[in-house]
Amino acid sequence: MKSAEKINVIGHCRVSSSKQAQEGESLSVQEGIVRAHAERNNWNMVKVWHESYSGRKETRPVFNEILTYLDSHPRQIEYYVFRTIDRFTRGGTGMYDQMRKELLKRGVAMVDTSGMIQKSKNTLEDLDFEYSWSRHSPSEITEVVVATTSKQEVTNIETRMIGQEIRLTQQGYKVRHAQDGFLNTKIYDTDGKKRTVMIEDPIRAKYLQAMFELRAEGQLSDSEIVSRVNAMGYRSRAHKKWDKSHTRILGAGGGKLLTVKHLQEIIQRPIYAGLICEKWTKHKPVKAKFDGLVSVNIFNKANRGKVFIEEKDDGSYGILYDHYPDRVVVKRMRDNPLFPYKSVVMCPECGKPFMGSRSRSKSGNPVPYYHCSRKHKWIGFNKSAFEKTIEDYANRLYFLPDETTSMKASLKHLYNERKSEIARETVSMEENVAELKIQKKEALEAFKAATSEVVRRELERDIEQLETRINGSGAEHASLKITESDIDAFMEYAKGIMEHPAKALLNTVNARHQESLYSVVFDELPSITEMANGTPKLSWIFRLSEESQTPKSVLAGPLGIEPRLSVLETDVLPLYDGPFALTYDTRRWDGLPRAIYPKRSRGESSGESRPRQGDARYDRDMRSRTSLFALLLVAGLFIVPAIASAQSVPFFGPIIPQEANQGLCPASWGMVIIVINRIIAFMITLAIVFVAPLMIAYSGFLFVVNPVNASGKEKAKEILRNTVIGIVIALSGWMIVDALMAVLYNPGNAGGTWMTIIRGNTADVCLPQKGALPSGTLNQTGTVTNVGVSPGAATGRYTFDPGIAVQTKDESGPLSSLLSCMAGKLPAGVGRISSISDSLITSGQKTFAQCATGGCQHQANSCHYGGKTCIGSSYAVDFGDDENITILTAAAKACGAQTLNEGTHLHASVGAVSGCGCGL
């Protein structure tokens, strides 16, 4: 019967890490408990899942797999059995509730072997009804508390564990597994506590050290280093492959040969130089409590600037990436056979390698030059003369025969020092070859015994690979075998080079060998001028022939204390690339070359396009063009802005007048025209003051640097022509618009310009307002004793600077009316008067007439003294609260006055319209 059938259940076991899977309450232990619980309840355990994964993660692959299984077997599983809630999840209440609901949707209830979760009950069971809300678990509160506690427990555990690991890492100790080439070991710190550090792996360290040392020497390419290290027996570190539950070993990984990419990754790791640099050190290097496999110096040499460890004065370290302070970037083809000496003979200006190129002369023939222009003027040398100088110098070299014995002894001493290192590498290679031969022998025996064609093909392929590896390791082993007889053979070869140094130095077939030979002959690579003068720094075994060290045939003038050049003098191009070959002026040496034409006899020709001796000199032509360039630059930077300034350009705003911005001046048609005019002026400013000078300067530059290039000069002329036409069009268009604005503002202004109206002080930019000065008021003269405003008046009245209030008795009638009008337009607290007439007048030291002639606070004939015709009272006032200048200006203009912002105060005047002859 169906009732007698067993209930189907599934089980789930989880640990947080692979380590827990092997220790403590492992997955197998949990599975035994889960199965025993099902057996006690007479349940049928259909399947048990194992999971080695953190319970805090929101995405649980194994749980998702369980849900997929339940979907594929609907209503076949009754219970989901697990050990405890913290084995089910550690994600807190929210995740626990979500996972529980996912199971309930599939009709599966949760059961823990600890018995905490109780079976849910229907609160409407007595009425024989059931709803989703009526199904209730008596242990729900307890489950929530345990789920929350499990999450908090994880937080506490991780905080203690990860926090301690971060602290130890920042102190220089090692956490987690050891790097390849190291082994973890325990030591006691100063507090007597055990700490983990790394020590050298006696088996694998030699491979890592060889990688760094070989790359630091710089004699082998990365591919050659990889071959050498693989021949020593390198294979990547082996590791085990586990199943998803981390309880069963599926196989082994690693054991792969070194590749160039892996080599480059390894040598960039600072840990091999004894520095820890990772996320927990905030990517700053920390000196480890253990030694690295190589020194910092070897690490830097091996990385060649890609990663650079900087040792600071305070003992700390820094790491720089892509650090190439001494790198010389040689563009174009490095080993160009047309310029074989460009990498071994240096530029006399910057000491760096030359570049080579061929420019065409005016006749169309290519002219090859060695040249350089790194942070200095372009300097070039004709190829034939350049190489002739090197040949002449090389032919004068000889070596010191007595030093051969010392050199041989030095080589043997060096060989003895490195013998142990060479022996170590050769022993590793021999062991590797022997092991490979054993593997080959075993593979051959298996091949003979195999009957399957598939197996035989696989074995045949393995044998071929082993044979290839044996041959490669054998070749590397043979290349390392050096004996004293090899040193003797090398000395014979070296002796041949030393007896004929010119033949070796002038051999341009192999660029790398050539650079090595130059490094042997010279202490440092020479410059071309040093070779011309016979002054390079030679190594200790070479000397320069005494005979004719500075022959007259290769000098441009008589010998003296100043340096001279050799035959190169007739073929040097120190300034600009072009069809003219120039030379140094040897009559004048100040450390910088001066370009002149070489002297030629009549009818002499070199096949290159050069001016004859009767033609104009190049330096004079250059000076004239430079003057033209300077003239154009001055025109662009000064003349054009000066012309534009006559039309109120440059203009940089504001576009909207301050009166309108403050809301104190209702804008009239005149203000609208002002805004339009300012927009046009701003656009003219951008075009004429900025763009035009730059284009003029650029055209002048092109004109100067293309003395004989027709297309370059034509381009310069076109740019200059277009720029001038653009300026004319812009200014002409603006003048037309300017005149139209004047007519639109007032038809009676035909023939004038709007600028004259804007600049005049009669422009009606504000609508007339109630309270403005009545017509005729400003025509009054004489002293007014009743001011109409007084110190400390009601809100909206004025305040005075110390000692200024007494000057109110000097107000003229028009000025008093102005102040009364403004007082009704100003907000409270605005309007601090700093001057009306003059302190010398109110103190009695001077009169109005005396101040009008100069020597008082204001300039002669100021409106403060009545100007030229109203002497005896003030027609102007100064407001000292400069923070309110905008508001005061708007109020003064609305009342019919003229204003002038003098920086620290606002000057308001009615003298001009009163006919006092004082302007402002």
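User: Is the crossing of α7 and α8 left-handed or right-handed?
Analyst: It's a predicted model, where local features need pLDDT of at least 70 and side-chain atom pairs pLDDT 80 or more, while totals for chains, interfaces and linings use all residues. Residues count from 1 along each chain as its sequence is written, and side-chain values use heavy atoms, without hydrogens and water. Helices (DSSP H or I runs, at least four residues) and strands (E, at least two) are numbered from the N terminus. With the near helix turned clockwise from the far one by less than a right angle counting as right-handed (anticlockwise: left-handed), the crossing of α7 and α8 is right-handed.

User: At what angle do α7 and α8 pack?
Analyst: α7 spans residues 205–217 and α8 residues 222–231, with axes 10 Å apart. Axes are fitted to C-alpha atoms, for helices over the stretch in contact, and angles between N-to-C directions run from 0 to 180 degrees. The two helices are therefore roughly antiparallel (over 145 degrees), at about 150 degrees.

User: Which residues of α8 do Y207, A210, M211, L214 and R215 meet?
Analyst: Those five sit in α7. Contact means heavy atoms within 4.5 Å. Across in α8 they meet D222, I225, R228 and V229.

User: In what order do the four strands of the open sheet lie?
Analyst: Pairing (at least two DSSP bridges) is parallel here. The edges, pairing on one side only, are β2 (43–52) and β4 (109–112). The order is β2-β1-β3-β4.

User: Which residue in β3 is the bridge partner of I10?
Analyst: Four bridges join β1 (residues 7–15) to β3 (residues 79–82), running parallel. For I10, the partner is Y80.

Key:
Parallel < 35°, antiparallel > 145°, perpendicular 65-115°, else oblique.
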